[in-house]
Amino acid sequence: MGWLGRLIANNVAWLDGSNALKLSATITILAVMWALHRLGHAVMETRRFERWLHMDDPKDRAMAISFIGRIFTILILVIGAGALMIAYGVPATALAALGGGAGVGLAFGTQNISQNFFSGFMLFFNRPFKEGDWISTDGLEGTVEHIGWYHTRLRTFERRPMYIPNAVFATNSIVNPGQMYNRRILANIGLRYEDIPAMDTITKQVRALLKNHNAIDNDQIILVHFNAWESSSLNLQVYCFTKTTVWQDYLDIQQEIFLEIANIVKANNADFAFDCTTLYPAPNLKPEQLFPAS
């Protein structure tokens, strides 16, 4: 390229002295920036670089490589633009002043964009969730498909894409069920008032069922108690945690436990209550007054 530049300079009157040097510097800077960009991204795709990240989860590793690649590209563009300005005679002090003024103006003019941009940094460094996680925040819920600079794309349970600005995650709490250790089973079971004599036995048998069930985590709290007098029932509270966090497996375990509890209730000649109203006839009321003939 240098030989070609000299050849052109010898035949084009405009390319004399300083102009030829500027053209040569421009070609050199662009070539070096392009080569560094290609080299940097090639290094990021190597096994050695993946091992250097020390990330076992492939989704975390892919997210980190994507993030570092974007930062590297922006850095190359900024350095290249500065080098070109210096090559064309812009003083370094003026360049610094220009960069500072442009940064202040850009910050005021693009507050929302910059807030979303830096929130993207927060998502990478804090990693409250990663691609593939099911999350919920500010009433929005879905599976994370992509974490971008400006927004994050979720896939809702209706299979629709949802684009959420990253600033939402900086100002709202995030629930990430994918990072749960257990899933909770919580049930309030209503028994009849006439089942009071069997309540203590039922409570102990249900508690024993949960403690001996291989799908229930005995390292977590297990509670089975008669805890409330409802208007039409006696409330039996069941509180425990499953070992699995997989939703389908959790539902299967919960169904199995509920059916076992129903068997325990039936085996003790008890039954489940439902909302009802009992009417007692007034004293000395004659049968024909209570049930008048049609």
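Colleague: Where is alanine 167 placed?
Modeller: Alanine 167 sits in helix α7, residues 167-171. Helices here are DSSP runs of H or I with at least four residues, strands are runs of E with at least two, and both are numbered from the N terminus. This is a predicted model, where local features need pLDDT of at least 70 and side-chain atom pairs count only at pLDDT 80 or more, while totals for chains, interfaces and linings use all residues. Residues are numbered from 1 along each chain as its sequence is written, and side-chain values use heavy atoms, with hydrogens and water left out.

Colleague: Thanks! Is alanine 167 buried or exposed?
Modeller: Alanine 167 is buried, because its relative accessible area is 12%. Buried means under 20% relative accessible area, exposed means over 50%, and partly exposed lies in between, using a 1.4 Å probe and protein chains only.

Colleague: And how many Å apart in space are alanine 167 and serine 119?
Modeller: Their C-alpha atoms are 5.5 Å apart, although 48 residues separate alanine 167 from serine 119 in sequence.

Colleague: Let's zoom out. How many helices and strands does the protein chain have?
Modeller: The chain has 10 helices and seven strands. It has 294 residues, and 30% of them count as buried.

Colleague: What about contacts in the protein chain, what share comes from residues 24 or more positions apart?
Modeller: Among contacts with a separation of 6 or more, 63% are between residues 24 or more positions apart. A contact means heavy atoms within 4.5 Å.

Colleague: How much accessible surface does the protein chain have?
Modeller: About 19300 Å², and 60% of that belongs to carbon and sulfur atoms. The areas come from the Shrake-Rupley method with a 1.4 Å probe, and for residues only the protein chains shown count as cover.

Colleague: New topic: how many salt bridges are there?
Modeller: The count comes to seven salt bridges. The rule asks for a side-chain nitrogen of Lys or Arg within 4 Å of a carboxyl oxygen of Asp or Glu. Side chains of opposite charge can pair when their charged atoms come close.

Colleague: Which residue does glutamate 145 form a salt bridge with?
Modeller: Glutamate 145 pairs with arginine 155, and their closest N and O atoms are 3.0 Å apart. Glutamate 145 is in strand β2 and arginine 155 in strand β3, so the pair ties together parts 10 residues apart in sequence. Glutamate 145 is partly exposed, with 28% relative accessible area. There is also a network of salt bridges linking Glu145, Arg153 and Arg155.

Colleague: Nice. Which residue does aspartate 200 pair with in a salt bridge?
Modeller: Lysine 204 is the partner, with the closest N and O atoms 3.2 Å apart. Aspartate 200 and lysine 204 are four residues apart in helix α8, residues 196-212, so about one helical turn separates them. Aspartate 200 counts as partly exposed at 46% relative accessibility.

Colleague: And glutamate 194, which residue is in a salt bridge with that one?
Modeller: Arginine 192, and here the closest N and O atoms are 3.7 Å apart. Glutamate 194 is exposed at 55% relative accessible area, whereas arginine 192 is partly exposed at 27%.

Colleague: Which residues form the negative patch?
Modeller: Asp249, Asp252, Glu256 and Glu260 form that surface patch. Asp and Glu count as negative and Lys and Arg as positive, while His and the chain ends are not counted. Each charge is placed at NZ of Lys, CZ of Arg, CG of Asp or CD of Glu. Glutamate 256 lies in helix α9, residues 247-267, and counts as partly exposed at 40% relative accessibility.

Colleague: Last one: where is aspartate 138 found?
Modeller: Aspartate 138 is in the loop between β1 (134-137) and β2 (140-147). This residue has a positive phi of about 55° although it is not a glycine, and aspartate 138 counts as exposed at 53% relative accessibility.

Conventions. Patches are made of residues with over 30% relative accessible area and no salt bridge: like charges are joined within 9 Å, nonpolar side chains (Val, Leu, Ile, Met, Phe, Trp, Tyr) within 5 Å.
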